[in-house]
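Please read the points below with the model open beside you. Each one takes up one part of the structure and gives the terms it needs.

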Amino acid sequence: MSSSGNVPPHFEFCQTDIVSKSPPGFPAKPPLSETTRESTAEKKLRENALKRASSGNQRKGISDMPTGKVEFTTEKLLDGVNGAQKIRDSKNQAYVFKAIDNEQKDSDGKSELAPMREGLEFGQTVRNEVGVFLLHKNFVPKTEIVIGKEKGAASQGKIGTIQKFIENDGPADDYGEAKFSVESVHQLGILDIRVCNLDRHFGNILVKKTLGESEYQLIPIDHGYSFPDFRKLKDVCFEWINWKAAQKPFSESTRKYIASLDAIEDATTVKKEAQLSQPSVITLILSTYLLQYCSKCGLTLQEIATLVQRYRTRYDADKNDSPSCLERLIASSQEQFRPGRNNDENQEQPGTNPEDLRWNRNLMELLKTYKNQLSTKLSNIVLEFLMEYCATRKL
């Protein structure tokens, strides 16, 4: 039985289909164009940035960051595809600024086309930077959405992010992995698995020698290629997957931290504050559930990452390109999913906040199916995956 009649429009699961075609219970709406979707999100981000600046109500933990309209002087352009700039504000504080309209376009420069990674919308990479910071404020450099303007320029300014520039001792590929703190590597891995990072390489992991000569701290940056649509996870990439620290078991404090994560609350936060699409935040929920289940079962970071990332590397992308275990779990859940069950109108709602994803009955039904797949099919999927892996690698 269809549930769309019982669910108000702003609680709808998502505007696009879950599988190749819209299943029963989902509203048949034409998708918004990429241009419309991006400009709508940009308008909302602009409004929120100005509202926070005028009210003085800054995000928790970043009271020392500029908000609203920010005038700056560009110090230098940084490497990368998104036009990142190292800037100085009026107080001579250093930040990295990334504007939405500097996102990677195709060779014709058409802004309506999506960026380089499948599963992302045009305009999403800047919003992702804030979303990742909101999830891991104690690990990711402070990040905020502002309206940035070059000092003396006549323009009204561009929507983008500023991220606190952290003095560092270079990227991870300048060092041997044995120098890195195990706890820091585990934090990095937890972050990347949760957001399904499509572009984690040694160049966007900075190193800071703050733990003494024997152990160095890691600083993750460049999270634009995160939060892909949960149906398009083939490009997930973790270059740290073979580090020895990733093979070590989680500490007791790390296991408790993983168990304490509230995936739906976090997804609700990044959806609202970073204006991410629902398919993107569903990725966060599904990957967090997998992380929690596997941590409880005693798997290491490397073992969990192997379930999320396809086992081919960026150097043999055309070889051995079978779906990851996470992709198979999601596909299996979609096959079992039947929207509209348990839709008693008198059913008590789990929250009172309209933004809370727990109000979304179709989403809750999919997550229930997915959790069941985790507990009943994961071991079989892992075994099948490992047999394929060993056969391909001739182990």
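1. Helix 3 passes helix 7 in a left-handed crossing. A crossing is called left-handed if the near helix is turned anticlockwise from the far one by less than a right angle, and right-handed if clockwise. Helix 3 covers residues 182-195 and helix 7 covers residues 301-308; they pack at an angle of about 20 degrees, with their axes 11 Å apart. Helix 3 is therefore roughly parallel to helix 7. The axes are lines fitted to C-alpha atoms, for helices over the stretch in contact, and the angles run from 0 to 180 degrees between N-to-C directions.

2. Some notes on where this comes from: the model is predicted, local features need pLDDT of at least 70, side-chain atom pairs count only at pLDDT 80 or more, and totals for chains, interfaces and linings use all residues. Residues are numbered from 1 along each chain as its sequence is written, and side-chain values use heavy atoms, with hydrogens and water left out.

3. Which residues of helix 3 meet helix 7? They are Val185, His186, Gly189, Ile190 and Ile193, and on the helix 7 side they meet Leu301, Ile304, Ala305 and Val308. Contact here means heavy atoms within 4.5 Å. Helices (H or I, at least four residues) and strands (E, at least two) are DSSP runs, numbered from the N terminus.

4. Cysteine 196 is in the loop between helix 3 and strand 6 (205-208). Its phi is near 50 degrees, a positive value in a residue other than glycine. Cysteine 196 is buried, with a relative accessible area of 0%. Buried means under 20% relative accessible area, exposed means over 50%, and partly exposed is in between (1.4 Å probe, protein chains only). Phenylalanine 227 is another residue that has a positive phi, about 50 degrees, although it is not a glycine. Phenylalanine 227 sits in the loop between strand 7 (217-220) and helix 4 (252-260), and it counts as buried at 0% relative accessibility.

5. The crossing of helix 5 past helix 6 is right-handed. On the helix 5 side, Ala263, Ile264, Asp266, Ala267, Val270 and Lys271 meet Gln278, Val281, Leu284, Ile285, Thr288 and Tyr289 of helix 6. The buried residues of helix 5 are Ala263, Ile264, Asp266, Ala267, Thr268 and Val270. Just after helix 5, glutamine 275 takes a positive phi of about 55 degrees.

6. Not counting residues up to four places away in sequence, threonine 288 touches Arg194, Leu261 and Ala263.

7. The largest nonpolar core has 70 residues, and those with the most contacts inside it are Ile193, Trp240, Trp243, Leu290 and Tyr370. Helix 6 (residues 278-296) gives the most to this core, with nine residues. A second, separate core of nine residues includes Met65, Val70, Phe97 and Val146. A nonpolar core is a set of buried Ala, Val, Leu, Ile, Met, Phe, Trp, Tyr and Cys residues joined through side-chain atoms within 4.5 Å. In soluble globular proteins, nonpolar side chains tend to be buried together.

8. Tyrosine 370 lies in helix 9 (residues 361-393) and counts as buried at 1% relative accessibility. Leaving aside neighbours within four places in sequence, its contacts are Leu286, Tyr289, Leu290, Leu326, Leu329, Ile330 and Ser333. Tyrosine 370 and serine 333 are 37 residues apart in sequence, yet 5.1 Å apart in space, C-alpha to C-alpha.

9. Lysine 86 is in strand 2 (residues 85-88). Lysine 86 is buried, with a relative accessible area of 8%. Beyond its neighbours within four places in sequence, lysine 86 is in contact with residues including Thr73, Glu75, Tyr95 and Phe165.

10. For the protein overall, there are nine helices and seven strands. Buried residues make up 49% of the 395 residues.

Technical notes:
Parallel < 35°, antiparallel > 145°, perpendicular 65-115°, else oblique.
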